[in-house]
Structure formats: C-alpha cells, structure tokens
Amino acid sequence: MRIARFTTGEDPLYGVVTGEVDELGQPAQDSVIVALAGDPLYVGVKLLDQEHRLEDVRLLAPVLPRSKVVGIGRNYAAHAAEMGNDLPTEPLMFLKPNTSVVGPGDPIFYPPQTQNLHYEGELAVVIGRICRDVPPEKATDVIHGYTIANDVTARDLQKSDVQFTRAKGFDSFCPLGPWIETDLDPQAFADGVKIQTFLNGDVVQDGSTSDLIFDIPTLVAHVSSVMTLLPGDVILTGTPEGVGPMNVGDEIEISIAGLGTLTNKVALR
Ligand code: MG
C-alpha cells in the first residue's frame, strides 16, 4: 500500500495511492488517491468516500516525524572512501530536526552560510510503533514502511563543525516522499533495491541497498538501543557514492525501485 499525504488546497489529508505502478514504482497516469480518516499511523487505514486524481493534488511529506529523523553516516563503503573516511565499525548516528522535513516538489533552500550544498539520495525507514531495544530479528515488526529521502548536507559546514547538527539541520534539508510504501521489503531482494539520483536529468548516484555496510535490521537495533523510537520517526540508511554539489535552480530526482521518485528543486533562501 502506498500511503501519501496531500492537499487539494484545503487541510492536508492522508490517502492511499491506487493503480498500477511500473518497475520503478511510478504510478500510472490515471492513478487516484483515496482519502483516509486521520493519520493511519495512529488510527489505521480508514478509507473515506473521497478520491481525487493523483495529478490534481499536491503531495506533502508522507510523514511528519513525531520526534526525530535519525541519520546514518558512511553506510556505503564506496561513499566512505570518496569522503576520505575509514569504514565505521558500528553505525555512525546523527540527528536531523523534524523541522528539516519537506515534501515532494518543495524547494530545498540554499542557506547563505554554506558554499557547498550536497544531495544525498537515501532509503528512509518509517517507524510504525513505539519501541526500544529492538533485536534485529524483530526489526520488521516496528517498521511501518519505506520512503525516499534526500539527506541534504552543507558539506563545508560538516567539515568545519565537529557536530553535524548545523550542516544537516537547516529547514528543508530533509525532503521525504513521494509516499510510504508499506509492502516493500528491501531485505527480501538478494540484490537489494536500486537507488539512483539525477541532477538536472544526469545520473550522479547509482547504488543498491545490497551495498549497505549495516543492514536495516542492524540499524533499527542499533538506534533503538540508544533512544526510544516513536511512530513516525524516520531512519535514513545512508547514501551511496556519487554525492556532489547542487546549485540554485538545480532539480534533484531520487528514484528507488518500488518507491517511485522524489523530486525537489534548489531555491534561494
Ligand atoms: Mg546521508
């Protein structure tokens, strides 16, 4: 099931995106979104007698992280190498504030404090229930679904600050979307799921979750051994190699097989 959040100009609603999708997860042109009563994370999926053509609505971030977005750094060997870092011996965690979250089509604002703003295409895990100390073999029980993230990073500030908070925490630095797929299990594919990032139409990242150093169950176990996870919290699983700069006016599309495409443009703040 593909769970989105959307507006037609009125108050935002959650909805289920129906219809066929291609192998990338892109829905057919005639897809519709069926509105839901309330937030399915808390009240389950209750369909309303209201539907819209997908092309007639504006999609919003499919989840508002209740407390946090947890980032994982250097979780692909080739990316750690391109940044000149050693491989981590355990997952490297950081936090992005929930105020950094924006939705599909929303602008990524280029802050005046940086001269080197980077995209990082990532698979995002959406937590479905309150949990702590989750063993890896129970991780799928606490996962609501998956979506796509851009872990936007001011690379120069990441290097100059000891903490990643400023470099990764500006408003609009965590685009999420286009929806949450609750049926996808990336662990079920021996070859993982493909992650591609396009900068103005050119492929700049081309990776697979099969190259994750720490797999998703390990990440859920590790993060939840430190902090309680709440429904709607998000874990970003790390970015493959090929990170690079974005400039004002650039369009960044991140595609993950089975999840569709998240598209945002960079704008002046
Ligand atoms: Mg990242």
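Start by selecting Ser172: setting aside residues up to four places away in sequence, Ser172 touches Thr99, Ser100, Val102, Pro107, Ile108, Phe109 and Val152 (contact means heavy atoms within 4.5 Å). You are looking at a predicted model, where local features need pLDDT of at least 70, side-chain atom pairs count only at pLDDT 80 or more, and totals for chains, interfaces and linings use all residues. Residue numbers run from 1 along each chain as its sequence is written, and side-chain values use heavy atoms, with hydrogens and water left out.

Stay on Ser172 for a moment. Ser172 sits in the loop between α5 (165–169) and β14 (174–181); helices (H or I, at least four residues) and strands (E, at least two) are DSSP runs, numbered from the N terminus. With a relative accessible area of 2%, Ser172 is buried (under 20% relative accessible area, with a 1.4 Å probe and protein chains only). Now show the backbone nitrogen of Phe109, which lies 2.8 Å from a polar atom of the Ser172 side chain.

Next, pick Phe170 and Phe173. They form a tilted aromatic pair, 5.0 Å centre to centre with 50° between the planes. Ring centres must lie within 6.5 Å to pair, and planes under 30 degrees apart count as stacked, over 60 as edge-to-face and the rest as tilted. Both Phe170 and Phe173 are buried.

Finally, move to the magnesium ion, coordinated by Glu120 (OE), Glu122 (OE) and Asp151 (OD) at 2.0 to 2.1 Å. Glu120 lies in the loop between β10 (117–119) and β11 (121–127) and Asp151 in the loop between β12 (143–150) and β13 (153–154), so this pair ties together parts 31 residues apart in sequence. Both Glu120 and Asp151 are buried.

Terms used: Donors = N, O, S within 2.8 Å, 3.2 Å for Na, K, Ca; no water. Buried < 20%, exposed > 50% of the residue type's maximum accessible area, 1.4 Å probe, protein only. Phe/Tyr/Trp six-rings, centres within 6.5 Å; stacked < 30°, edge-to-face > 60°. Polar contact = N/O pair within 3.5 Å; in protein donor to acceptor, adjacent residues only side chain to side chain.
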